[in-house]
Amino acid sequence: MAVLRAEAHPARGGNLRAALTSFVGREDDVERLAAQVADRRLVTLVGPGGAGKTRLAATVAAGLARPLPDGAWLVELAPVTEAEEVPAVILRALSAGGLIPSDSGRRPRRAEPTEQLAESLAPLEVLLVLDNCEHVIGAAAGLSEELLGRCPKLRILATSREPLGILGETLFPVGPLPLPPPQPALDTALRAPSVRLLRDRAAAVRPGWTVTAANVAAVAEICRRLDGLPLAIELAAARLRSFTPEQLAARLGDRFRLLTGGNRTALPRHQTLHAVVAWSWDLLSDDERALAESLAVFPGTFDAAAAAAIAHAPESAVEELLHTLVDRSLLQIAPGAPGADETHHRPTGRSPQPAAPGAVEAHHSPAGRSPQPAAPGAVDAGALRTSAGRPLLPVGPGPVGPVRFRMLETIREFALAELGRRGAAGDVRSAHAAYFLALMEEAEPHLRTETQLEWLARVRPDQDNVHAAVGYLCDSGDVERAFRLGAASGWFWTFADNHAESALWLGRILAAGERHPAAVPPDLRVVVSSMHLVNSGFAGDFQFDPARLDDLIAQAAAAPPGGHPFVELVEPVVSLFRDDTERGTELVRARLAGRVDPWTRGMLHSVLGHLRENDGDIDGMHRELTAAVEAFRAIGERWGLAMTLASLADAQARRGDFPAAVASFEESIALHHDLGIRSSEAYLLVSRAALRRHTEGPHAARAMLRAFVEDVTQTGRDVSHAMLELGHLARADGDLPEAERLYQESWRLLQEAPLVAPQYRAIVVTARAEIDLARNDLAQARTRLQEAMALALSARDMPVVGKVAVAVSGLAAATGNLTQAAEILAAAQLLAGTRDASNTDWTTRREALRTALGPSPFKAATARGLALSREEALALVNPTREPNPGVRPSRNAPPIPPRVPG
């Protein structure tokens, strides 16, 4: 009888099915969504296909079903092919579960399902889940508005790839799952929901499989390349039955062919990744589809102006189409853009931020309720409508510039294939390149003026687009435009944090020019070549090639006058590389005497300062760098000012003006912050901390350096620098074991770092040689100093050669050749350009030799060392020669390669 009674009075808990798999990565979303559904009568989950909207809706509905008297009911609209069938499909689903009495005795009129639903649901307190509304969006929206207006206790939770677009609707964006960083540690990766989902699903099909330290990099790459889309990750996990993570990651270039064979009981459009995207694609109009395909040429984010340029359409028209594509979850508003956290889902998959306390939604619900405070994460869709009833998308400038958009990589790959299929890829890529060429040519002169920050903010978000444009122009043989873009972008790339990458793109342009030399204008070739040289030097990857430098000078001489200001700098900079200080000084002074623009004048003073340094004239270096600082201040050019101040700080420290040096470093650090350049910041921070030893004492310096070492965000190369300075402090305290440990760790980190300048390696090797000298291991010290000197000479860095020579002086003293040691110490001063007050080894050794030799002999030896020519001094400080104070070095010492910027 109990069974019969149950059949006669069906339970009203709902028709939700129990989940067969774990629910991963949306725990916070469940809580926020449940709060919204409890507070709002119509909530729509919006997001791209495969993001997990259905699973999230069902999970939340299951949790709410028990307290609701009439339960929660799921209606799947995906199988519906005709919009007018929506009311009947919902009626059948609710009747089948027993919520609404069946009316099978008569055939209802076509309009009756809506009436039956309204009449039956009016007294009930029920949650209706309408799943997959996007292909019948108009019918679903109209029916929802009708039922909510007539059924005061009804709540609707909808899922769709675009909003229903009716008053009272609250949007809940559902984006991809949060991703791990590239190359993460194992514990970091396992905190990412996308990785946990892959792990759980892979273990289900391959028992015992898990994420390990050995495969975590490949697992992270899989999740990142699949954009964190749950469906794509689940399809990928199924492939781990037969592939290793590394093999799977390598095959994701053809993800649509690879990721098939999903759940056989799922709808066809959820069984393959291709079908998921194609379902959304087929719902677009011809204009929407054409624009979406064209937008796939953007590898990064883009704004409406760029989209209009490649579409050859008015920006106002394109804005409307962009809005539609965002609505339909085929585009996303890029993180950090105005509106990114307000109207649509974010690519990281995080839910929107809670509204401010007391925020009121500016609309009235269909039931006529008064406005209520927004629930955490709620977005008032009704208040964000145009007069046509469409959601309003901000497209103009905001607090951080124009709204920028992005396309998930999975959708982008699909769109690129469609673009290629209709044969339009070449035309669209050419339009893309033309737009960014025009942008960079407009921006380039402003990057050397007081408007520098404004233009950096404008062009930085498009760095990936500029790279893509360079790639297309080089690959298509459009060499002239490639060089134009390289010349316009080279200075901007010099601001970048990755000089090696900048050199790579400039090198790619030069390689294209070698294939088509006649197509390259001479003035553009010299600019691109010189920018490549500068960025290679900054990256520590400069290879000295005399023929190449000669060719660069010839290019500059052949360039027409009045062109890019870099042309005026080419020959002076090459003279600096070659250590031809006489020729370099002559060139700079001649240019300064003529008419040059203010930025070039500042750069010429800076080059002359470094020429003076290489000539051993630290006072002249200080004078010219001070003039450069004044020139850059006058025009508001922050990059040149920041770099010059860092060099000026070095000159100030070597002259013993430590407070001024600290102040210069601090201003340079602040300017780097303003510019958003992080690549040099660590060097500046460590250098400033090391100088605190002279202004505030070793304890202050040690505290700052230890804090830097403990900062897990710093790179190994930069921690190596801090370890080196800590080693100097330990050695000054007489703690040789600790100094040796720190120097060894500094060297170990250096060995693991890419593209380390040879002169910096020379400094670390010299420090280790000082430990050998302190322990009287003279053979090891000599071996290390030979290595250090070779490294310093390969970079032609005279101040570093001088540092190594100070240690060679110690080697000579340790072998009993005190007079030669004093001569070598003086030669070190000659090569470095001054008595280096910041080098405690120099000051300590100088006093020890003066005491050991006596004032007069020491003075005479010092005079002999200072009287040497550059070649004689280099021969004297060579650690390979056996000590022999009676032999003068030959004036015919072989020349050495030019200096590389350190």
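Author: Let's start with Glu823 and Arg864, which pair up in a salt bridge (a side-chain nitrogen of Lys or Arg within 4 Å of a carboxyl oxygen of Asp or Glu), their closest N and O atoms being 2.6 Å apart. This pair links distant parts of the chain, 41 residues apart: Glu823 sits in helix α38 (residues 818–832) and Arg864 in helix α40 (residues 855–866). Helices (H or I, at least four residues) and strands (E, at least two) are DSSP runs, numbered from the N terminus. With a relative accessible area of 10%, Glu823 is buried, while Arg864, at 33%, is partly exposed; buried means under 20% relative accessible area, exposed over 50%, and partly exposed in between (1.4 Å probe, protein chains only).

Keep in mind that this is a predicted model, where local features need pLDDT of at least 70 and side-chain atom pairs count only at pLDDT 80 or more, though totals for chains, interfaces and linings use all residues. Residues are numbered from 1 along each chain as its sequence is written, and side-chain values use heavy atoms, with hydrogens and water left out.

In total, the structure has 46 salt bridges. Another one joins Asp462 to Arg404, with 2.5 Å between the closest N and O atoms. Asp462 is in the loop between α19 (452–459) and α20 (463–475) and Arg404 is in strand β9 (residues 404–406), so this pair ties together parts that are 58 residues apart in sequence. Both ends count as buried: Asp462 at 2% relative accessibility, Arg404 at 10%.
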